[in-house]
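Open the model in your viewer and keep the selection tool at hand. The tour goes from stop to stop, saying what to select and what is there.

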Amino acid sequence: MTASPTEDAARAVAGIGVSRLTASYDGVRVLHDVSFSLACGEAVALLGRNGAGKSTLVSALFAMEPQVEGRIAIRGQDVTGWSGHRIARLGIALVPQGRGVFPDLTVEENLDMAALWTRRQAGRAWTRERIFDSFPRLAERRRFHSASLSGGERQLLAIARALLTQSQIIVLDEPSEGLSPRAIDEVIIGTVGRLKREGYTLLIAEQNMAMALELAERALILDHGTLVYDGSSAGLLADEALQREHLGL
Ligand SMILES: Nc1ncnc2c1ncn2[C@@H]1O[C@H](COP(=O)(O)OP(=O)(O)O)[C@@H](O)[C@H]1O
Ligand SMILES: [Mg+2]
């Protein structure tokens, strides 16, 4: 089969490459012909109003719920048709919308569960102890059930779980949802900002444009399942008409 130029471009990037992606639920199409790519080490915001298709796009990357057509490449590998587990082993981790931590398990147990998914490898970068050294808030709460954590602490735990998979690409789905401005500052800007400085490749799906653009140098905007902007954060910040039309700001 001959690859089109777009498909070649999608495969060539070391981060995430999506070309001509459509996604549907029970035959109802919610993403239309979406193409973009993320280079290794880039931090990109995925913006759009509620229902625009951000979570659907994120789910498609991990071969979760929607039925998809088109191509997805992760770290240069065409993963079209792969299972979510196999994709995750390439080194991409999801911090799901609503955190996805197990409320009945303690902080420690949640971290151990995440580490189970990791390929055994010598000299692993992230261990439970390194998580506790890096995030003292989690160390203090290590024996608490995660249901008793604050929203910010739960988000931190969800990020720590993603790190324990040793992935270099982290996808966060609405990390700021339901958090106080202070928790957004400390947990999201603080922690995710640090990951960015450490060279992680980040895709941050958000409705909170101001927060996302503090972290991301580039933004994508979905509107009714169509990609309507792929450009610099500065360009978007300067374009109020664009913000009004596609983000309702
Ligand atoms: N599991 C699902 N089954 C059917 N429709 C869904 C499902 N998840 C999302 N949708 C629909 O797909 C569209 C995009 O939703 P979603 O991707 O969750 O948007 P966002 O994350 O941007 O808020 C919406 O119309 C939503 O109702
Ligand atoms: Mg969503």
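**Stop 1**

Select Ala 45 and then Ala 219, its bridge partner in E9. The model you are looking at is predicted. Now extend the selection to the two strands: E3 covers residues 43-47 and E9 covers residues 218-223. They run parallel and are joined by four bridges.

Next, show the whole sheet to which E3 and E9 belong. This open sheet has six strands, in the order E6-E7-E8-E3-E9-E10, and its pairing is mixed. Which strands stand at the edges? Select E6 (92-95) and E10 (226-232): each has a single partner strand, so one side of each is left without a neighbour in the sheet. Looking across the sheet, neighbouring strands are turned against each other by 15° on average, with direction ignored.

**Stop 2: the four-stranded sheet**

Hide the previous selection and show E2, E1, E4 and E5, which form an open sheet in that order. Here the pairing is antiparallel. Strands of a sheet pair through backbone hydrogen bonds, in either a parallel or an antiparallel way. The edge strands are E2 (28-38) and E5, each of which pairs on one side only.

Walk through the sheet pair by pair:

- E1 and E2 pair over seven bridges in the antiparallel sense. To see one position, select Leu 21 and its bridge partner in E2, Val 34.
- E1 (residues 16-25) and E4 (residues 67-74) are also antiparallel and are joined by seven bridges. Select Thr 22, which stands opposite Glu 69 in E4.
- E4 and E5 (residues 77-78) run antiparallel, with two bridges between them. Here Ile 74 stands opposite Gln 77 in E5.

Stay with E4 and E5 and zoom in on their hairpin, where two residues lie between the strands. Which residue of the hairpin takes a positive phi? Select Arg 75, with a phi near 50°.

H2 lies across E1, E2 and E4, and runs at about 115° to E1.

**Stop 3: ligand 1**

Keep H2 (residues 54-61) in view and select ligand 1. Which element gives the most to the shell around the ligand? H2 does, with three residues. Show the whole surround next: Tyr 25, Val 30, Arg 49, Asn 50, Gly 51, Ala 52, Gly 53, Lys 54, Ser 55, Thr 56 and Glu 65. By class, these shell residues divide into three nonpolar, five polar and three charged.

From the side chain of Lys 54, an N or O atom is 2.8 Å from an oxygen atom of ligand 1. A polar side-chain atom of Glu 65 lies 2.9 Å from a nitrogen atom of the ligand. At Ala 52 it is a polar backbone atom that is 3.2 Å from a ligand oxygen.

Finally, switch to a surface view of ligand 1. How much of the ligand does the protein bury? Taken alone, ligand 1 exposes 560 Å², and the protein buries 62% of that.

Notes. Residues are numbered from 1 along each chain as its sequence is written. Chains are lettered from A and ligands numbered from 1 in the order in which they are written. This is a predicted model: local features need pLDDT of at least 70, side-chain atom pairs count only at pLDDT 80 or more; totals for chains, interfaces and linings use all residues. Side-chain values use heavy atoms; hydrogens and water are left out. A residue is near a molecule or strand if one of its heavy atoms lies within 4 Å of it. A polar contact is a pair of N or O atoms within 3.5 Å; within protein, one must be able to donate a hydrogen and the other to accept it, and residues adjacent in sequence count only if both atoms are side-chain atoms. Accessible areas come from the Shrake-Rupley method with a 1.4 Å probe; for residues, only the protein chains shown count as cover. Ala, Val, Leu, Ile, Met, Phe, Trp, Tyr, Cys and Pro count as nonpolar, Asp, Glu, Lys and Arg as charged, and the others, Gly among them, as polar. Two strands pair if DSSP finds at least two bridges between them. Axes are lines fitted to C-alpha atoms, for helices over the stretch in contact, and angles run from 0 to 180 degrees between N-to-C directions. Contact means heavy atoms within 4.5 Å.
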